[in-house]
Amino acid sequence: MNRIVIGMAVSLLATGATAADLAPGSNVPSPHVKAPPMVDPGYNWTGFYAGLNGGYSWGRSNATVLPITPLAVSIGQNADGGLGGGQAGYSWQIDPRWVLGVEADLQATGESGRSTDALTAVRIGLVGVTGMTTSSTDFPWFATFRGRAGVLADPSLLLYATGGLAVGEVKFGTQATLTAQLFDGANAPVGAPVTIAGAIVSESRTRLGWTAGAGIEKKFNRNWSAKLEYLYLDLGSATYFSGTANERQSASTIISCGPASTTSSRLDRWSRGTDSEYFFQIPTSTLP
């Protein structure tokens, strides 16, 4: 602070001395001060915005079917599909380089997975038992509530990270089929096998978890922008078919499950999407 004050004093003294030395009618131009640069108001990121988006999601579910029985087996299932929805938020451009904000979005998805998997075969005396499980996973919708923080690569291009809460519906359907075959002492089949198909069961649960990701956003003018965003979702754990023979425990986002006992599973889910947004600008003072 002292250096600034001293510099101003010296400048004033020098200016006074020069003026005193100038003869009346001199043509020497008067000194002038250059105005400070201003931020282009067309690229002010502060304000409310809303928009639409679309994209695609990839996932992989890993589950253990009938883990407390001799038929226990681990299975895997892809759960992929398109998504689309809308988002709204508010951004603060805190200085010429940094932007903070909050955003909420709601997505409808076509994400689903289907698989038919063989269960472990067992032999009980002269009877052999094998099984198949047909499972389905559906993820009809999800929403996120996130914070954003980013840096401006140039006045119209924002690179940002984002993260926060996620909520979504996860639906399961499953059916088991067991086949029993009688054998004689020489291990030869006796008679025809007997196949029993279990009931088809399903349940939907609304799950709460977290999300994190990153993106790049480009402003085309004062009001319009578009962005490309990557998100990872984890919807925690939940128990399906609680209190029944089909009870199952799930972890993470989307779960593939089998019948008649507890199933635990995990799915890693990634999504990419493009967004178009309209900014509702609020008049603000010029940024420093």
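I call a residue buried under 20% relative accessible area, exposed over 50% and partly exposed in between, using a 1.4 Å probe and protein chains only. This is a predicted model, where local features need pLDDT of at least 70 and side-chain atom pairs count only at pLDDT 80 or more, while totals for chains, interfaces and linings use all residues. Residues are numbered from 1 along each chain as its sequence is written, and side-chain values use heavy atoms, with hydrogens and water left out.

**Entry: the whole chain**

I started with burial. Of the 288 residues in the protein chain, 38% count as buried. Then I looked up the elements, taken as DSSP runs numbered from the N terminus (helices are H or I, at least four residues; strands are E, at least two). The protein chain has one helix and 13 strands. The order from the N terminus is α-β-β-β-β-β-β-β-β-β-β-β-β-β.

**Entry: the cores**

Next I looked for nonpolar cores. Such a core is a set of buried Ala, Val, Leu, Ile, Met, Phe, Trp, Tyr and Cys residues joined through side-chain atoms within 4.5 Å. The largest has nine residues: Leu-83, Phe-139, Phe-142, Ala-166, Val-170, Phe-172, Leu-231, Leu-233 and Leu-235. Strands E6 (127-154), E7 (157-183) and E10 (224-234) each give two or more residues to this core. E7 has the largest share, three residues. I also noted a second, separate core of five residues, including Trp-45, Leu-152, Leu-158 and Tyr-160.

**Entry: charges over rings**

Two residues of that second core, Trp-45 and Tyr-160, came up again here. I count a charge as over a ring if NZ of Lys or CZ of Arg is within 6 Å of the ring centre and within 35 degrees of the ring normal. Arg-148 lies over the face of Tyr-160, 4.5 Å from the ring centre. Lys-219 lies over the face of Trp-45, at 5.4 Å from the ring centre.

**Entry: ring pairs**

I then turned to aromatic pairs. Rings of Phe, Tyr and Trp (its six-membered ring) pair if their centres lie within 6.5 Å; planes under 30 degrees apart are stacked, over 60 edge-to-face, and the rest tilted. I found four aromatic pairs by this rule. Phe-48 and Tyr-90 have ring centres 4.5 Å apart and planes at 65 degrees, so they are edge-to-face. This pair links distant parts of the chain: Phe-48 is in strand E1 (residues 47-65) and Tyr-90 in strand E3, 42 residues apart.

Is Tyr-90 buried or exposed? Tyr-90 counts as buried because its relative accessibility is 14%. Phe-48, at 47%, counts as partly exposed. I checked Tyr-90 with Trp-92 too: their centres are 4.7 Å apart and their planes at 65 degrees, so this pair is edge-to-face.

**Entry: the nonpolar patch**

Trp-92 sits in strand E3 (residues 81-93). Trp-92 is partly exposed, at 40% relative accessible area. With Ile-94, Trp-98, Leu-100 and Val-102, Trp-92 makes a nonpolar surface patch of about 480 Å². I took patch residues as those with over 30% relative accessible area and no salt bridge, nonpolar side chains (Val, Leu, Ile, Met, Phe, Trp, Tyr) being joined within 5 Å and like charges within 9 Å. A salt bridge is a side-chain nitrogen of Lys or Arg within 4 Å of a carboxyl oxygen of Asp or Glu. Strand E4 (residues 98-118) gives the most to the patch, three residues.

**Entry: Asp-80**

Last, I looked up Asp-80, which lies in the loop between strand E2 (73-78) and E3. Asp-80 is partly exposed, with 26% relative accessible area. Asp-80 and Ser-57 are 23 residues apart in sequence and 5.6 Å apart in space, C-alpha to C-alpha.

Technical notes. Areas by Shrake-Rupley, 256 points an atom, 1.4 Å probe, with all protein chains shown as cover.
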